[in-house]
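Hi,

Here is the two-chain model I promised to send over. Have a look at it first, and then read on for my notes.

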Amino acid sequence: MSLTPSLDPAFLSDLDGVPVDEVSPHVETVAREGSPAALKTLTGVFLDRALHVLRSGSRRDLLEEALAVSRGISGEAGRLLRQRDPATYGAWTALDNLLGEAGRRSDQDAVPSILKGTQGLGLRVLEILAKEDKPVRRARIRETLNSLPDRTERPEVTESHLSHLLYNLEEADLVVRFRQGKEVHVQLGSAGKDLVKTTVCPGWVDNLLGAMERAIRGEQLDRTKLADEIFKAGAPSQLVAEKLGTALAQVAAKLSDLGQTPRQPRSASDYDHPRGSRPDGLSNLDISPRAGYDWGHAHRSHGLEVQG
Amino acid sequence: MEAGDRENAGLVTVEKWRKRLRQRLKNVSWPLPETLFVLLWSFFKESGVRRIENLLTSLGEHSLYVELFKLPEEKKFHKEALKQGVASLLGLRGLDFDLAAVRWLATLDRVVLKNRQPEPTPIRGLYGDRRFRVYRRNPFLAGVLGPGPASEGEQSRTIEAVLRHNKAVSVDELQDYRIESYEDWDPNLRHRLQFACGEGHFKVLLCPLKTPVTYPDLPDLGSIPRSAGGGAAFFHLRQISNEVELLTELPEVLAFARDQSVTLLILPELCISDRSEEEIRRILGTHGQDGYPTLTLFGRCHRRNAAGNLDLNEAVLLGPDGSDILQYRKQTRYTGRHVVAWDDDTQQDEGEFSRKPVPIYLEEQIELGDRLLVVDFPFGNLAPLICLDLLHIELGDILRQSHADLFAVPSLSETTGAHRSSATRLMISNRASTFVTNRWIENRPGEPSFYRIPVEKGMRQHQAQEDGPYLLFCLEAFLNARQQEREEEDKRRVDSQVRVN
């Protein structure tokens, strides 16, 4: 006689990577009637899943996982498990507490999971506020979110959705809302300001832009010093900082030369170059122009002639 | 007393509290965030916030956005940082001390959020021996609905304006009342509610019952002995004479709540007998732990206490499968004043001028409860109350000092004006939402059920013609209706602009 799937350790061990709603139906059965082997297997599965979701899940993912585990420790199933196997009951309870708490928390440690659950809208709100650098009307935030280029890829942000979004962000101190007359305004909270500095618009980007401006002004840039500056300002890695430092130093040198030697006619398309085919000795650099960025613009705006 | 002397007297008072705080801080060997929170909170509660608010305002700072101290990223360095913070605070005097203290308090408000609540050991405040625990506030509806009518948290001279997340709550008796945090409830239910909260699914069904509940024990006012000054009698509502009718309605109510996926169903006070309660539990048992309504709150008929000498007036909170969560005992006794005609042969003849209507006082003969129960539901820190509890002045102070921000109230009352006023006061003090299911006796008209949520136009009374027999609050529908109103308002504004142009 074969075991029902819920009680078969071999079947249970395959539940590691499946969606949580495929796990839930089996938990109560195992809690009520599972053999020691089945209980041990399911405990192991819970642990693996918990590790994964704690590292990379949204708050919703954490709560769904907690719900699944709690089926085995609640009600009649929980009572039976506690009687049959107190150690497993204790382990599942501890895991349930961990996942439940992780899904509930709204402190700074929970920010990544909170933002993950907003499908990118949370970061967009922070970007809007960071760009304005002053309180923004709530209505304007909604208008802006609904007019972003990726709008067609997701449903419209309704009032209800925005209310919940701002509530979740405010709980984590990412934003603060206040009323001014009849209007509600939103601004960055203390955690939001920190996040903007580290993630949304990190400080090293400002360093980079500053270096670009110096290059455009004709200053020579020391690539080692620049790389060091960018890395200390928080660039993701030493390698990225070095590549940026080298590229900018070369651009600065070239711009400086252009300022001193007779200009050669150029076409605008020379600046919209595909990767790997840079004019003027830049071809060996592994940097990609930002999509749509007009390299010619920098020159035109600084009085250098570009002939199309 | 001259103004200067008064000022000096005031400074002496504040200086006394500063001294006490310094002494306590010196004796704290290992400064846990909760301990520091309680001490600093207690300091401002006793000494007031006027001076510090004047200082903050003069510095251009808003008390709502007090500048925080920066703590190290890693939690393991927090305790060392707090130790240093305490040391530096102890070195300050006068208003510098107060300013640093309020900044630490605001910083700790965020730090305590990280820690598991509640801290097991209560902490003694600065005054007397009263001990406190730190509890997380959770005015969920106020948070989702956005900044609404002004609350204490946004007002002058309140420490609540500085603290967004936590509150120190007394664990000792307050004038013979006690606030008890109820934490021991089913984890699966907790996660389910948390999940629903995250999805924005929150519905409250106020069901005053269509059945005209009749009580065979309700005294006939005319038969109560009285004198020229009036009379008094106890009443007991232990049974329902038309229970069969009620038992027919209850399955309908629960089916409606199930179909609407209701989070919290509230029935009136004193309307559920033993037999009806059995039926409610049986029906909910068939729904299972994933069923709806997720929570059911009802008022039991009077039943005798253990000693057999008094009645109990209780509200029962059940889970989705009919399992017990808690039972709350009413903390105030109803005394109703009724005016009756004089014509009764038990009256003493005191002459023509004595033949006037006299008051009769009907009083519940109940054993009063002594504790407010607060459950940390994801939709708010829920405190069940019963009728008069909501409007009682002394109990109102206790409610205000608690961390409750969601009140669910079965009620049996002819009027609800005072209930509505209290609900508004709690909205201001606690950013609370209040849901009251009310009916009056038998078929006599009573004022309708209502809810008060912390938003403009957030008071809504049951209108049978519009709402049907029950009043349903649905958060999602409310937000969508608000969106529609705003869109229509924008359209009207644009149209009027076009006309002007």
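Predicted model: local features only at pLDDT ≥ 70, side-chain atom pairs only at ≥ 80, totals over all residues.

Residues are numbered from 1 along each chain as its sequence is written, chains are lettered from A and ligands numbered from 1 in the order in which they are written, and side-chain values use heavy atoms, with hydrogens and water left out.

**The interface**

Chain B brings 39 residues to the contact and chain A brings 40, where contact means heavy atoms within 4.5 Å. About 3,500 Å² is buried between chain B and chain A, and carbon and sulfur atoms give 47% of that; buried area here is the accessible area (1.4 Å probe) that two parts lose on being put together, summed over both.

Eight salt bridges cross between chain B and chain A, by the rule of a Lys or Arg side-chain nitrogen within 4 Å of an Asp or Glu carboxyl oxygen. In the salt bridge of A:Asp194 with B:Lys70, the closest N and O atoms are 3.0 Å apart. On the side of chain B that touches chain A, ten residues are nonpolar, 13 polar and 16 charged. The classes are: Ala, Val, Leu, Ile, Met, Phe, Trp, Tyr, Cys and Pro nonpolar; Asp, Glu, Lys and Arg charged; the others, Gly among them, polar.

A:Arg71 sits in the loop between helix 4 (59–70) and helix 5 (75–84) of chain A; helices (H or I, at least four residues) and strands (E, at least two) are DSSP runs, numbered from the N terminus. A:Arg71 counts as buried because its relative accessible area is 16% (buried is under 20%, exposed over 50%, partly exposed in between, with a 1.4 Å probe and protein chains only). Its side chain makes a polar contact of 3.0 Å with that of B:Asp290. That term covers a pair of N or O atoms within 3.5 Å; within protein, one must be able to donate a hydrogen and the other to accept it, and residues adjacent in sequence count only if both atoms are side-chain atoms.

A:Val184, in strand 3 (residues 183–188) of chain A, is also buried, at 10%. Leaving aside neighbours within four places in sequence, its contacts include A:Phe178 and B:Pro147.

**Cores in chain B**

The largest nonpolar core has 61 residues, of which B:Phe435 and B:Phe473 touch the most other members. Such a core is a set of buried Ala, Val, Leu, Ile, Met, Phe, Trp, Tyr and Cys residues joined through side-chain atoms within 4.5 Å. Strand 15 (residues 371–377) of chain B gives the largest share of this core, five residues.

The peptide bond from B:Tyr292 to B:Pro293 is cis, with omega near 0°. Two residues other than glycine have positive phi: B:Cys387, near 40°, and B:Lys457, near 60°. B:Cys387 is buried at 6% relative accessibility, whereas B:Lys457 is exposed at 70%.

Cheers
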